[in-house]
Amino acid sequence: MTYSDFVSSREGEWAQFERNLAALGDLDFDGLEQLVVDYRRILLDYTFARDRFPGTGASERLHRLSRTSTRVLLNQDSQRQRGALVRFFAHRFPTTMRRHRATIAVSGALFLIAALFGVVLALAQPGLDQMILGEATIEGLRQGRMWTESLTSTTPQAVSSSGIATNNVSVALTTWIGGALAGSLTLWILLLNGFNLGAVFAVTMQYSMGSELADFVLAHGPLELSIVVVASAAGLLLMRGLIQFSDRPRAQMMRRMGNDSLVIMGGCLPWLVPLALIETFLSPRRDVPVAVKAAVGLAVLGLFLAIAFRRVKTDD
Amino acid sequence: MAPGTMEEASLDQSATPMTLAVDNIAIEQPVARLGTRALAAFLDYFFLGLIEVGAFILSGLGFAATGAADNVGPGWGLALWIVLAFILEWGYFTISEIVGRGKTVGKAIVGLRVVGESGTAAGIRSYVLRNMIRLPDILIGAFLLALDPKARRLGDRFAGTMVVRDRESAPAATLSYLPGGWGPREVRVAETFLRRADDMEISQRLVLARRLIAIGERRDPGFFDRARQVTSDPIEILRLGLGVP
């Protein structure tokens, strides 16, 4: 077949395909079906032109048409369906969390070990309290004042809650994406948070202010720390995608772990918004009994765990 | 068979990466390399900076002019700005690529688009993942991009995406009639000339057109006679004779 025969016999269909592709939204079912059939023909014409008439105008036109139509007609992800959000929290999120519970457990264990280390070091090293909390805070503790009091007395609650929410989300996101650096940043943030928590508790206990600190953190602390642990686990999944030995190709491992870690973060991040409201409007209040704060803290944590680790029935 | 990718066996970075469409048909993908990616990123960060400064000024003026902040409560203006700044900082690239179907402002200016690794449209999950993993790429992204045949940074690898050149170019000229003895090489030369003729200097344009006519009539005498009856312009003779619209 000569070039001119090829062009003259097929050019009409190429032009028609271009028109149909441009008017994709207006096509009825038959039109869409025809488009898909023509798409395959375009691809075949492209391979023929590329092999027989490389570098020609027809080859370039078919190349551009092949790329454009592949992008327009095929989507990497499945199409959105109604109730996708409900199905995400009811099925996808808990399934993914349960599949990676070992990694979450490792993250939790590392956090606890770091916290324990912080407690031991704070008790053993007298000068550590000033390094962690600063001289002004330590002086306040000596006078029986918590540093948390200034958070709400000087800052409007609207600013406080938005600042806390955005800060927590930023920390969670940074902890997660730090896993892409072979887990280095994730582990640093996880261990540092654990160490600080243990050390701060140990220091406040030394100044007999442990109950005041517990009073402040009980409402929001359990869930917030849990999300730090889970976000770190999501980061460790990215790390696994990069370095874990597997019979799967590396690219496939990275995509799989990336998608799973995104699902985990997608299920966790929304909780940080009500958490910020609790931390702003409930935690600092001295008039609310500790038992109420503890009940709220355990309730939100229980709700999160019930959703996150719900056993999902799968069809056989 | 579902669309997939074809791993490059060669270390030749100049080879155009290929992806597999339906029926395992390989399509060349014009991936965007480090230079154009960096330019697009620079333009995006510049545009983001303008948005943040503009939003800050407008929100401040708005609250001052309307007194809304005093009406709704202390600190709400600043609270809203904190949330807006956070959304801009973390969400600009993601939201832009979702809305623009793979294009941000910078990418649109430079003529780039984010697509799936097999050339398909990328999904929302992919846009979110590749843009969340942007911070580590500040450290190592350029290095990875330069080494990868598909010019993917770390975020692209996790999300299964790549960035391709997607600028609309002038339609390629296609010849409908050929003088006897013309093969693909002659066709390429003629089509390329006709596509670029308008950008050439006029004397050079006429010389090349006359040369092509002579080459065509060397093996097929009189091929362009009918076109000569319509016009005397060598370029138009070439177009009419070769059947280029």
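Helix α2 of chain A covers residues 29-52, 24 residues in total, and reaches 35 Å from its first C-alpha to its last, close to the 34 Å expected at 1.5 Å a residue. The expected span is 1.5 Å times one less than the number of residues. Helices (H or I, at least four residues) and strands (E, at least two) are DSSP runs, numbered from the N terminus.

The model is predicted: local features need pLDDT of at least 70, side-chain atom pairs count only at pLDDT 80 or more, and totals for chains, interfaces and linings use all residues. Residues are numbered from 1 along each chain as its sequence is written, chains are lettered from A and ligands numbered from 1 in the order in which they are written, and side-chain values use heavy atoms, with hydrogens and water left out.

The buried residues of α2(A) include A:Gly31, A:Leu35, A:Tyr39 and A:Ile42. Buried means under 20% relative accessible area, exposed over 50%, and partly exposed in between (1.4 Å probe, protein chains only). Their cover includes α1 (3-22) and α3 (57-73) of chain A, together with β2 (18-20) and β3 of chain B.

### The interface

In the interface, 64 residues of chain B are in contact (heavy atoms within 4.5 Å) with 51 residues of chain A. The two chains bury about 4,900 Å² between them, 67% of it on carbon and sulfur atoms. Buried area is the accessible area (1.4 Å probe) that two parts lose on being put together, summed over both. B:Ile25, B:Arg125 and B:Phe158 supply 14% of the area that chain B buries against chain A, more than any other three residues.

### Salt bridges

A salt bridge is a side-chain nitrogen of Lys or Arg within 4 Å of a carboxyl oxygen of Asp or Glu.

| Salt bridge | Closest N and O atoms |
|---|---|
| A:Glu60 with B:Arg195 | 2.5 Å |
| A:Glu18 with A:Arg61 | 3.0 Å |
| B:Arg130 with B:Asp156 | 2.8 Å |
| B:Asp148 with B:Arg157 | 3.5 Å |

B:Arg130 lies in helix α5 of chain B and B:Asp156 in helix α7 of chain B, so their pair ties together parts 26 residues apart in sequence. B:Arg130 is buried at 1% relative accessibility, and B:Asp156 is buried at 0%. B:Asp148 is likewise buried, at 5%, whereas B:Arg157 is partly exposed at 23%. A:Arg255, B:Glu117, B:Asp148, B:Arg152 and B:Arg157 are linked in a network of salt bridges.
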